[in-house]
Amino acid sequence: MATPRHRLMDYVREEIMPHRFCVGCGCGTVLNVFVNAVDELKLKPTNMVCVSGIGCSAWIPSPYFKADTLHTTHGRPIAFATGVKVMRPDLKVVVIAGDGDIAGIGGNHLIHAARRNIDLTVFLVNNMIYGMTGGQAAPTTPTGVRTTTTPHRNIEPPFHIADLVKAAGAGFVARWTTFHVFQLMRAMQQAMDRKGFSFIEIVSQCPDNYGRRIGVKSAVDMLKQFKANSVRISKAADMSEEELEGKFVVGTLCDRDRPEYTDELHKLTAEQVALIKKETTA
Amino acid sequence: MAINQNKQRYLSRLEGKTYFLLGDEACAYGSIYAGCDFFAGYPITPASEVAELMAEELPKAGGICIQMEDELASMAAIIGASWTGARTMTATSGPGFSLMQENIGYAVMTETPCVIVDVQRSGPSTGQATKPAQGDVMQARWGTHGDHNIIALSPNSAQECFDLMAECFDLADIYRTPVILLMDGEVGHIRESVAMPAVSSLKHAARKPAQPGEDVFGGSELVPGITHYGAGQNVHVTGSTHKANGMRDVTTPEVHDRLIRRIYRKIDENREKIVRVEPNRDPSGGARVGVISFGATSRPALGAVKQARADGKQVDFMRLITIWPFARKQVTEFAENLDIILVPEMNLGQIAREIERFVRCEVKSLSKIGGVPHTVFEITHAIMEVC
Amino acid sequence: MSKLKNHKDTERGHPGAAKKSGARGQWRVIINPEMCKGCNICIEFCPTDVFERSETLNRKGYYVPLVAKEGECTGCRICDLLCPELAIIIEPKSGSEHAK
């Protein structure tokens, strides 16, 4: 008897599956949860544009998600996405890329987009390393870790990206891990179903280029660590900074209504057009 | 391509009138006339006035104008917006142009139509921020990494800053390429009369649309048809080497060879249609001395040629309007009977070097840097020395 | 052929888990063997130990888990969602209350 087809294969470019992600890669799980979220929300991929940068997570939409996609230069997907969104506000524009891409080289675009509260959905897949290039230290790599560019030890402290994005003014910010698949799916739906800058930091496992280097041998073990080290945001509020060292604070950091960039922009343009219409038809 | 109603109304207020404008401002008005739908930029001297006027005027014509956080983002935004079918542009100067190079290469590789205005200033680096120069000529050609081709035009008056925008947008759409308007700070900040044409005289070229299901990144034509976001075609745009259907393939050598050579040939094999020059041969037909110039320098250069002719000398003159692709055929023909060509330019001889490749006669670079344009006297003196 | 040791230290209980025994036995659990990369996440995280390691190799040389106890499946779908390969299909059995 032939194996039945997974019901969500319609969302994926089936001709190039199975995908190229490593065994147990969190990117695969994010792709899985993403298509589930799109399906549950009844979003039409023909009304979506997926933008991604350079890195393994950027391959989630490009080439695997079957929709209009834009695979940009390293660090810049949010800037490219801004151009798409302001000209086609009717399309759902989703950015999926990694921590090195969006919060490393692309940090500037991230904070400005959050400040503008532009209607983009951004799923940042944080595997705490530059995975695609072989395991170099990233701005999210924990202190002390040995990577290929910190062979002695990493002397830098890591970013808490979700907190940074909240401080910059984003409307919706959440953090989950690839272990929390149900919560992540619900958060993805929330993020895609609202207006404004909606951001989810997804802590994800890179077994081959991160786990292997820190002595966590498999995807299973990395997921177990995510589970063990996750602290709900409500609980984290009562914990000290030392207690939170090495923990992932998961949950929704903020969900607020603020003026949205594309709306304001089109409002301004409409005002000016109306003035000219008045002037020329008077 | 039809002009939408908002633009028509906006332009009807300007048509037939003459305004006293900065080159930068003329460029902005020219872009709106040329059908620009979207502008994204970042402040930089001497190009800020382009952004400022676009911010004021483009919304009135129903277009979208935004300021991005840096030049890389500006270039990124205009590429993203171009894939929605819009005519898009940005404006900058040397340091910003340097920042944009990676994304310009992305536009070349993905064959995204867009226009970049570079109002050249004295460099390298911060240089003389407020002074003009023509030092970005080679950067416009080779600034981004890898083998590629590019189109660049150079205006020499405020009117031309206006007029050339239509040509830039048309070339970008016809050849699916970024097009650079290589202004210099002198022309950008000059104030001159600019005549606004009648709206009825406007004719825009349009992008060739791809048929549903047709490949958007290759095929039998040099310039494939294009499709836009939201058309349900699942178009896969990537800066990685890709097959004709847009899907990444970095392992097959033939795929890369085919893609890069076709993108290169798109412009290389259409030189006849793209390259424009303005020759001004000596009336006697017997000149042995020639002057080639472009941009702001072409004005004192032509003045000097006229001065020399008035003093009884025979001098040929040619102005390059298209800088890239280089006017090699026209330059070779121009040089046929000449012993020497003088090339005044506000850089260390970037165009002179290019002319040398296509002529057998002597090429003398009249290079002047320091932020002050050539005077008629300086160039006349140089002509007299060799006549 | 010896069976590989099954790890049992996964904690039970998470959102979506139907703990009522009534929900068990109403689900079909299928792994698409050619999509599987043998990461074993499904084995480790299934709260009712439906999967076990096996020595069945697919065409790419990965060990595909065995659906050992389909009857224990509660339809929680954590394996379905965690699977990086979209290789696991959880379907209600026809006639079950969950079938549409």
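Q: Which domains does the domain assignment give for chain B?
A: This is a predicted model. In the assignment, chain B has domain 1, residues 5-201, and domain 2, residues 279-386. The C-alpha centres of domain 1 and domain 2 of chain B are 27 Å apart.

Q: How many residues does each domain of chain B bring to the contact between them?
A: Domain 1 of chain B brings 22 residues and domain 2 of chain B brings 21 residues. On the domain 1 side, the elements of chain B that supply at least two residues each are β6 (128-132), α6 (137-142), β7 (151-153), β8 (178-184) and α8 (185-188). Of these, α6(B) gives the most, with four residues. By class, the side of domain 1 of chain B that touches domain 2 of chain B has eleven nonpolar, seven polar and four charged residues.

Q: In which sense do β12(B) and β15(B) pair?
A: β12(B) and β15(B) are parallel, and their pairing runs over three bridges. As one point to find in the structure, V289(B) stands opposite I340(B), which is in β15(B).

Q: Which residues of helix α12 of chain B are buried?
A: A residue counts as buried if 20 or more other C-beta atoms lie within 10 Å of its own. In α12 (residues 328-335) of chain B, the residues Q330(B), V331(B), F334(B) and A335(B) are buried. They cover an arc of only 125° around the axis, and therefore lie on the same side of α12(B). The buried residues of α12(B) pack against β11 (277-280), β12 (289-294), β13 (315-320), β15 (340-345) and α13 (350-356) of chain B.

Q: What pattern does chain C follow along the sequence?
A: Chain C has two helices and four strands, in the pattern β-α-β-β-α-β. Of the 100 residues in chain C, 37% are buried. Among contacts in chain C between residues at least 6 apart in sequence, 66% join residues at least 24 apart.

Q: Which of the two pairs of chains in contact shares the most contacts?
A: Chains A and B share the most contacts. No contact joins chain B and chain C, and their closest C-alpha atoms lie 20 Å apart.

Q: How many residues do chain C and chain A give to their contact?
A: Chain C gives 19 residues and chain A gives 22 residues. In chain C, α1 (41-45) and α2 (78-82) are the elements that give two or more residues to the side that touches chain A. α2(C) gives the most to that side, with three residues. By class, the side of chain C that touches chain A has twelve nonpolar, four polar and three charged residues.

Notes:
Residues are numbered from 1 along each chain as its sequence is written. Chains are lettered from A and ligands numbered from 1 in the order in which they are written. This is a predicted model: local features need pLDDT of at least 70, side-chain atom pairs count only at pLDDT 80 or more; totals for chains, interfaces and linings use all residues. Two residues are in contact if their C-beta atoms, placed from the backbone, lie within 7 Å. Ala, Val, Leu, Ile, Met, Phe, Trp, Tyr, Cys and Pro count as nonpolar, Asp, Glu, Lys and Arg as charged, and the others, Gly among them, as polar. Domain bounds come from an automatic or database domain assignment. A residue is buried if 20 or more other C-beta atoms lie within 10 Å of its own, exposed if 12 or fewer, and partly exposed in between; C-beta atoms are placed from the backbone. The arc is that of the directions from the helix axis to the C-beta atoms. Two strands pair if DSSP finds at least two bridges between them.
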